[in-house]
Amino acid sequence: MGKRRILVIGSQCDALPRLSFLPKAAEDLYAVMTHPDFGGCEPALPKGGLVLDPTASDAKDSIREAFAQASEDDAILFLAFVGHGERADPDFYLLPRNAAWPPDSETGIQLAQFIKELHRKHSYVDGLVVLLDACHAGVGAADAATRWVSELLGIGPLRFEFLAAVNHLTAADGCFSRNLADILRNGINAVGGFPVGERVRCEHARQFLVARCPNQLPQLPAYNADEALYLSKNAIYMRNRPPWFGTSTASEVERLTARFQPTPQLEQIVETMDQARCVTLFGTAGTGKSTLAAALARPEITAGKVPAGFVHAIAFMSERTTSASFADELAMQLGQSLPGFNAAVESFRRSLPAEEFNALDAFERLIGGPLCRITPDGPVRLIFDGWGSSHATQRALNTLASDPVLPFLHVLITARPETPVPPRAQSLTIELATTEDLRAYLTRRRIDPASHEAIIGRAAGNWLVAQLLADRVAADPARDTAALPPDLAALYTEALVRAGAADSDRWRTVLRPVLGVLAAAGVGPVLPLKLLAAASGDLGGPSRPTPIHDVLFDMRGFVARSAPGSENEQVGLFHKTLADYLFDASAGPFGIDSEEPHAALVWAIDALAPMDRHDSRDPLHRYAEAREALHLWTLRHYESALDSIASRRSVIPAENLRRHEWWFPYIEKEFGVDHSVTLLTRRKIANMTSDVGDRKSALLLHQKLSLDQERVLGADHWDTLNVRNSIAFLTAQNGDDETALRLSKELLPDAARALGPDHPLTLTIRNNIAYSLGKTGDLRTALRLAKMVLRDRKRVFGADHADTLRTRNNIAQFRAQMGDYRTALGSFKKLLRDRERLLGADDPETLATRHNIAGWTAESGDHQRGLQLFKELLPDRERVLGAEHPDTLQNRWDIAVWTGRTGDRAAALQLFKKLLPDQEQVLGANHPATLNTRRIVAGGIWK
């Protein structure tokens, strides 16, 4: 799936004059087609994809093997031949080294017939591109067009493009191959007045070959050739690299502006954006909001109405857009368009204490914080299409649109008229297209003027309708314009009929499964092709890429694709109105029950990206993170939806908090304010608020939750008691150890009575009381109580339970704090052996035990031994936790301290000096440890 394979055959023919341009022309073409920056193809054969001077038998074997392997892998196959060719009407033969004269099927290759026979056996080749540089190549192209279309209809179409060097005449000097390689290596700027985007296709190359080889007329028959059958990445495009180059936005910008017609409103938008911080572009469906937004990012197509470099980043929002994916997309673009931005991202990351940085979400880490650290030379302009479609990004978008700390930002958002927008945003309304605008658009697209009035009348100022009608006329110029569909629904109905939906079997087994899944997935190129294939197969439709790509071609103009022909291809419907049409049985004859495709997507996600193995680096899992819970919620599988929300965790704690906060109103509305699921979600939000470091807010959330839990669940319910325990714990974390101790003491009898003395929560509360007593200075009582907890935890959980080990650690700490170093160190050493056995040598708790042993060894008077243990621990902490982890920095601090205490004060001072900048970057300039180090360094002495 998603592979591009190439076989290039360059061959002399012993019976004919030698060709001076071989083998170099074949070698150069193979080199550019396999170069990762250009053609990006893999060799079609295990032994390689370049075959020189083969016999007819060897050449056929190579083609046969390449075709079979491409079919097995659902790969696109590129087949190139550079050498002799001969016509024997109506047949055409390629002439390998041992070809006879005149040619026959034994020593020559009758390419059209040979490929037709291969396709009958291996019908899952995901598209074929033939590049033929030989005399009379156009005869072979015409023969192929006949045989591969009419004679293969019964077994499934072969999508192909056949670029031949010449028509029925002779070719010369390898002009075709040499210039094709040069074109692909250097790129193409524009063809027919329209810029060529990220990929060069055969139709683009042919225009240039006509000019470069004036004595030849290249031929290009094709059938169902889609955008995946491109020849090469466009070198000119790659050199210019717009901000959105290489991002998921690129395909949408190109698709939306492929036939763009500049309008006067562009100039108004540019002027307004320069004057206002935030501009909202309102318009109903089909008025061209997204196209205008995309055009602002492509000044070269706007006839001078948009200045070069006007836009620094553009994003298309959908329900699939998460705050993390939004931040990643924006950061990639700003990193290419805004000088100093990438450095600001790194500088911002290093400037914050680890705890503070961990509390930030992806937007604050990658966008908001870094933008506050740069001073650009001029305005920075951002465009967001589809404001309001992604609730997960609203907070971030509001910040960008109105934050007074970012005065250089100018933001344009597009939205439906009913969408709430940021305060103080200046609004512009997109008016319906004028007759003049539509006529200019149709003229630029070279639509027959006789069709203009019919198109303009039906469009009624709607750009979407005008574009789709123009597409229909362009595809069938002889059509009677009076029979054009009158409105959008009729256009969609006609498109489905044209794709074969009138055949009930094809609708049921092919089109309905694929289109239903796309409608459920969301608008734009959002659904990974692998998930589409699996979900379609679950509905009884096609489950392999090749037949799915056939459907996408049949629905061309109505689907959006990103990275077509690659392993990372994503697809979707081109517009929300089509999804609405498909899911509305009253809108036409092809209504679909929405539950079936939603259920199929749930099944596909569970099969290919299960929630219990979530990996946010995988595109399938990223889709699941954004959409699985929505699919499940639509199906009213609420418990599974909640499982997905909980399981699809981000590595960024704040993202998990934002996710639960976004879902909470839906949960509360569905279940009610007092339902256990609602209360559980509140508890998760409170806990996650603590996880991101906002302990004061977390304490307040727990306190409010506790009141409602006691009212709804009762005072003796485990959840009620557990939240009370969290309140005591957070009270201690907020610095009030005395109150925390009191709360735990008040809680203990209630927990023991309601849950029993041996319940894990009861034992945890007892452990917390002992710990708090130690914090408040009553070490003897703390030690006595901890020993009692240890005895009961061993009895209930066993000696190897993690909680048992933690109580043993507390006991050793209390003994050390009381000055009983010998007993404490003995306890720590036994604990270390058990933690190494149970947790492993690299577990953070194991490393913490080693740190305690080093520290108390030094405190007991054996300074040199303690220092040595700290030094032995440091590389392991750096390896396991990282050089910037607070525990690692603490380890360096201890080494500096005990280096000084062992007498080498000069060395200690140097260690403090090296430590200080790292503490400032990781912990922050005002952290107590940083301030302490700064005092030592400033004083020039160690005390």
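This is a predicted model: local features need pLDDT of at least 70, side-chain atom pairs count only at pLDDT 80 or more; totals for chains, interfaces and linings use all residues.
Is Cys372 buried, partly exposed or exposed, and what is its relative accessible area?

1. Residues are numbered from 1 along each chain as its sequence is written, and side-chain values use heavy atoms, with hydrogens and water left out.

2. Cys372 is partly exposed, its relative accessible area being 43%. Here buried means under 20% relative accessible area, exposed over 50%, and partly exposed in between (1.4 Å probe, protein chains only).

3. A disulfide is a covalent bond between the sulfur atoms of two cysteines. The criterion applied is a pair of cysteine sulfur atoms within 2.5 Å, and the count by this rule is 1 disulfide. Cys175 and Cys213 form it, with an S to S distance of 2.1 Å. The two residues lie 38 residues apart and link distant parts of the chain: Cys175 belongs to helix H5 (residues 175-186), while Cys213 is in the loop between helix H6 (202-212) and strand S11 (222-223). Helices (H or I, at least four residues) and strands (E, at least two) are DSSP runs, numbered from the N terminus.

4. The torsion about the S-S bond of Cys175 and Cys213 is about -100 degrees, so this disulfide is left-handed. Cys175 counts as buried at 11% relative accessibility, and Cys213 counts as buried at 4%.

5. Cys202 is buried, with 0% relative accessibility. Its sulfur is 11 Å from the closest cysteine sulfur, in Cys41, which is too far for a bond. Cys372 is likewise in no disulfide, as the nearest cysteine sulfur, in Cys278, is 17 Å away.
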